[in-house]
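Have the sequence and the 3D view open side by side. This briefing walks through a few features to find in them.

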Amino acid sequence: MANFIFRVLLTLVLSYLCNRVNGKANFKEIDEKLKQLNKPAVKTIQSEDGDIIDCVDIYKQPAFDHHALKNHIIQMKPSFDLKEERLSSKNESTKLAIFQTWQKSGSCPEGTVPIRRIRRGDLLRAKSVQQFGRKPHEVVLKSNTTVEHKDGQLPSINTTALAMPVIVNRSAATLVTVGYNYIGAKADINVWTPNVEAQDEYTTAQIWLKAGPGDNFESIESGWTVNPQLYGDKRTRLFAHWTKDSYKTTGCFDMTCSGFVQTSSQYLLGGSIEPVSTEFGQQYDLTVGIYMDPNTANWWLKIGKDIPVGYWPASTLLFYLNHSSTLVEWGGQVYSSNVKKKPHTKTGMGSGQFASGLRGNACYMDNIAIVDFSMQLKYPQWVGTWADEQYCYTALNYQEGYGTLPIFYFGGPGQNYNCP
């Protein structure tokens, strides 16, 4: 009798588990999501880092699942050229080439775009199938703090103060500019692989362009990240992200939802990057630029040597960013439920070292620039630095002398003696 009861209970438990995944979703739901995300491949590439890359017909990519893009006509290349002020810093040197790991194993043919294949394990790691690929919703306190703005050329002159929201589950160290209409931003982002303590935490080094009210802003973003919950490992990866409601219900990383229209067969959103910088050794940079095409209002993502990867079609996807961005940030962010509390997460930002370590020790952003309606790349007129937790992660806009532009350093180890 006891054996019979045990077998019945075991059957019920196994039946339950077969229909639930970590208490979150059933296998049918996961399989339907995989079918939706993974489009038929013209060619498939097995990367040595474990990724499977599908070369998908450009007209069959996930973007066109979005209801607002059903009749969208692809803009194959930007219609603008940017004039560039001769931006230079004292530490300017020959840039060392970086590449994506998958490129060693093959390439996608013209007329296709590379998309990282989503597998069942990717969805199993997510908090829910619906939440897969998204940045978690920001938990914001009602009270704000202020950051002093300073002139980019004369850092000692204080001007206006900016109210910054206090976000419970994120910690950032950034360079900020506001006060104008921005239609582009860029930087050479120093590439590292900082420690990420827990699977559900991540760290980024990125650019944000934002517009709209503080509790419901729109944001388009790109840079590098270490995000084990999303990608299943702790490699440094190129990413892009968007939201139109401050991460509540819209947007996603890379191509994990419909929205971003990819045009390039060369770069893989979500693809790992190598080599990475080493302490007091070789330094490697990833050039990232996001620019609005004034003729179409599409926001173009450019990587490396000015290569257009694709765009966010703002005219159909966004509202406030359909005209311009009103706030630009450069820097790093750590997501964790263990920031701004004790014990603090040990997840690092940037190189995992504080900004005061400077080049070779700290992560930096060089050749920082914005674009306004003059269609000219230039250093922002007004900038300010901000760090949510200055004993855990720091920010420093460092200028060695007149005649050179500042280099922005940021990062930190998270938990340490002064950040218990």
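This is a predicted model: local features need pLDDT of at least 70, side-chain atom pairs count only at pLDDT 80 or more; totals for chains, interfaces and linings use all residues.

Two cis peptide bonds are worth a look, one from E274 to P275 and one joining K342 and P343.

**Disulfides: the pairing**

- Number the bonded cysteines of the protein chain in sequence order, and the pairing reads 1-2, 3-4, 5-6.
- In residue names, C55 pairs with C108, C252 pairs with C257, and C392 pairs with C419.

**Disulfide C55 and C108**

- The sulfur atoms of C55 and C108 sit 2.1 Å apart.
- This link is left-handed, with -80° about the S-S bond.
- The pair connects distant parts of the chain, 53 residues apart.
- C55 is in strand β2 (residues 52-57), while C108 is in the loop between β4 (99-100) and β5 (112-116).
- Are these two cysteines buried or exposed? C55 is buried, with a relative accessible area of 0%. C108 is buried as well, at 8%.
- Both count as buried because the cut-off is under 20% relative accessible area.

**Disulfide C252 and C257**

- The S to S distance between C252 and C257 is 2.1 Å.
- The torsion about this S-S bond is about -80°, so the disulfide is left-handed.
- C252 is buried, with a relative accessible area of 1%.

**Disulfide C392 and C419**

- Here the sulfur atoms of C392 and C419 are 2.0 Å apart.
- Which hand does this link have? The link of C392 and C419 is right-handed, with 90° about the S-S bond.
- C392 lies in the loop between β22 (382-387) and β23 (394-398), and C419 lies in the segment after β24 (407-411), so the bond ties together parts that are 27 residues apart in sequence.
- Both C392 and C419 are buried.

**Another cysteine to find**

- C363 is buried, with a relative accessible area of 0%.

- Start with a general point: in soluble globular proteins, nonpolar side chains tend to be buried together.
- Now pick out L301. Leaving aside residues up to four places away in sequence, L301 touches residues including S222, A240, F260, L269 and V288.
- Further contacts of L301 include G289, I290, I307, P308, V309, G310 and W312.

**A nonpolar surface patch**

- V139, L141 and V168 make a nonpolar surface patch of about 220 Å².
- Where is V168? V168 is in the loop between β7 (158-167) and β8 (170-182).
- V168 is partly exposed, with a relative accessible area of 31%.
- That value falls in the partly exposed class because buried means under 20% and exposed means over 50%.

**Cis peptide bonds**

- Most residues other than glycine have a negative phi, and most peptide bonds are trans. The next spots can be read against that background.
- The peptide bond from E274 to P275 is cis, with omega near -10°.
- P275 is in the loop between β15 (273-274) and β16 (285-292).
- The bond joining K342 and P343 is cis too, with omega about -10°.
- P343 belongs to the loop between β19 (325-335) and β20.

**Positive phi angles**

- F280 has a positive phi, near 60°, and is a residue other than glycine.
- F280 lies in the loop between β15 and β16, where P275 is also found.
- F280 is exposed, with a relative accessible area of 60%.
- N367 is another residue other than glycine with a positive phi, near 50°.
- Is N367 buried or exposed? N367 is buried, with a relative accessible area of 9%.

Terms used:
Residues are numbered from 1 along each chain as its sequence is written. Side-chain values use heavy atoms; hydrogens and water are left out. A disulfide is a pair of cysteine sulfur atoms within 2.5 Å. Helices (H or I, at least four residues) and strands (E, at least two) are DSSP runs, numbered from the N terminus. Buried means under 20% relative accessible area, exposed over 50%, partly exposed in between (1.4 Å probe, protein chains only). Contact means heavy atoms within 4.5 Å. Patches are made of residues with over 30% relative accessible area and no salt bridge: like charges are joined within 9 Å, nonpolar side chains (Val, Leu, Ile, Met, Phe, Trp, Tyr) within 5 Å. Accessible areas come from the Shrake-Rupley method with a 1.4 Å probe; for residues, only the protein chains shown count as cover. A salt bridge is a side-chain nitrogen of Lys or Arg within 4 Å of a carboxyl oxygen of Asp or Glu.
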